[in-house]
Amino acid sequence: MAEEYSAQNNTNHSDDSDNDYIINSSAPELKGYLSKWTNYIHGWQPRFIVLKDGTLSYYKSELESDFGCRGAISLQKATIKSHEFDECRFDVSISNCVWYLRAETPEDKMHWIEVLQSYKTETNSDISLRRHGSSVSLQSTTLSTASGSSLKRANRSLREKLHEIETFKDILYGQIETLQRYFDACAEINGQKDGQPLEMVDGLRPIDFKGEAITFRATTSGVLTTLQHCLEVIAQRDDSWRRKLDREMEKRKKLEDLYRQVKQRLELVRNSSLPGPDLEEGPHSTLPEDEFFDAVESGLDKMEEDTQLRVRLKLQSQQSQLSSPDVHPEEDVVSVESEEFGTGGEALSHRLWQEIDRICVDQLSHARQGVGEGGNGWQLFADEGEMKMYRREEEVNGMVIDPLKACHVVQGVTAREMCHYFFSPEYRMDWETTLENMTILETISPDTLVFLQTHKRIWPASQRDALFWSHMRRVADGIEDPDTHDAWIVCNHSTEHETYPPANTGKCVRIYLTVILYCQTYVAEGARVNGKISRKDLSCKITYCSVVNPGGWAPATVLRAVYKKEYPKFLKRYTQYVVDQCKNKPIMF
């Protein structure tokens, strides 16, 4: 996807002194296609993005750019952030509004970020210069940084001035002593003149200069003592205010830390309530494993409820038709199947037959093997009466692909009936709760089909699809149990098809699977002797084996917890479905 970039100089804006601020007229403009995250259903979608006059707008396509945008964000207060892991993604956010954007290449992403950041920086600098005509903010910053040392400088200046005053005091003392000696001499000379007092001009009277000098010296010492006391008080206040400042700085630091924590929690809550790409399935998902499991579990439970309701309504409709004398139920499709059905004879010439035959033989051998023999690693994880389920923990490239083996016994049905409903596409939507749609890509033969299945999206996991061949076969050899009346298998295995795109090219993640359903029919001994077999004389032993690669990353603990809960529910749901379907129908062998 090639972006079209254009840098333009806007000359239309006239200067207006009444405006609070003026946006730089040389701000660059940008436009082009980017992928934008829409929602958790549609995911990433191409959108035409335009930057103009400080506003980032988006349109569904370039053709719609003349009919109004679908959304816009002002860059003046927006935050542009490059993603930590995705080298092509960046986010533009303002308050609660976040745009998740992806470019075609990392170079395109960096170009977008540089232009958006430069535009935002230029705009903010202009706004700051024009809105703050004074230096209040600068002064406030200076005061906040200098407040801790201002009192120290004042204290140092006062001490210097005190030393100066002491120097002047010493000089003054010397001058007073000189004057005192002079006046003492004058007074002594005056006393020698017949005891007549010293005559003063302008009507002045003689005074006791010695007493005045002593008083002046005492006054000067008092002034210096008072100044010294003031200095000590200022120093004490300086220490007190410094301690208060330290306490306030500590409180502020704690409040800032608390604010950051609350902000992070708020962002986490907002992201949880508004799903975004960071909460999707993947190794860098920010969604905790317990929340991931809860979301998947809730989605599966809802799908199962919907499927059960649909099946009940369908069964009620069938029963009402059977009870009506004017309606004749359709014959089962097995009645028109050829004698070669289940032998693979009609698929021998197909390009996939060698693979189909080999996989079926191998999987049948695995199904016949016991569990717990020879330390093969099988672990029992579900034990409910006749049904027992085992698994082995295995991972490939960090993805869980635990092999599973289940054994069960169902009364009242045959092996062919059990395999028939598992294989036939017309019944699959009834018992497969996660299935969204199903397409038969190729009919190789009546007993061999190529399926494409799309499964419903269960947030936060990605949507899955599966492309596989399915083959139904009658087992005629290797039956060791003499009481087995007949045996059938259905084997499914992932493949590729020339008429369908390769895996993981669309919105779905491809599942890779190998599954076998091995069923054996047992007839009560009395019914075998007299030849009159009813459903109460039938039992079917089921062995179900599967290896499923989910195709994409998901937490291992979550997948294993889902498997442990859902596989037993699946097997019980399917076997009960077959029992209900066969209840009023002829027995199929």
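Modeller: A definition to begin with: contact means heavy atoms within 4.5 Å. This is a predicted model, where local features need pLDDT of at least 70 and side-chain atom pairs count only at pLDDT 80 or more, while totals for chains, interfaces and linings use all residues. Residues are numbered from 1 along each chain as its sequence is written, and side-chain values use heavy atoms, with hydrogens and water left out.

Colleague: Among contacts between residues at least 6 apart in sequence, what share joins residues at least 24 apart?

Modeller: In the protein chain, that share is 63%.

Colleague: How many helices and strands does the chain have?

Modeller: Nine helices and 18 strands. These are DSSP runs, numbered from the N terminus: helices are H or I with at least four residues, strands E with at least two.

Colleague: How much of the chain is buried?

Modeller: Of its 589 residues, 38% are buried. Buried means under 20% relative accessible area, exposed over 50%, and partly exposed in between, using a 1.4 Å probe and protein chains only.

Colleague: Which residues touch the most other members in the largest nonpolar core?

Modeller: M418, F422, Y544 and Y574, in a core of 43 residues. Helix 9, residues 556–582, gives the most to this core, with nine residues. A nonpolar core is a set of buried Ala, Val, Leu, Ile, Met, Phe, Trp, Tyr and Cys residues joined through side-chain atoms within 4.5 Å.

Colleague: What is M418 in contact with?

Modeller: Leaving aside neighbours within four places in sequence, its contacts include V410, L517, C519, Y574 and V578.

Colleague: Now strands. How does strand 12 pair with strand 9?

Modeller: Strand 9 (residues 387–391) and strand 12 (residues 404–411) run antiparallel, over four bridges. Pairing needs at least two DSSP bridges between two strands. K388 has C407 in strand 12 as its bridge partner.

Colleague: And how many bridges link strand 12 and strand 18?

Modeller: Eight, also antiparallel, with strand 18 covering residues 538–549. V409 stands opposite K541 in strand 18.

Colleague: Is C519 buried or exposed?

Modeller: C519 is buried, at 0% relative accessible area. C69 is partly exposed, at 38%.

Colleague: Last one: where is S57?

Modeller: In strand 3, residues 55–59. S57 is buried, because its relative accessible area is 11%. Not counting residues up to four places away in sequence, S57 touches F48, I49, V50, C69, G71, A72 and W99.
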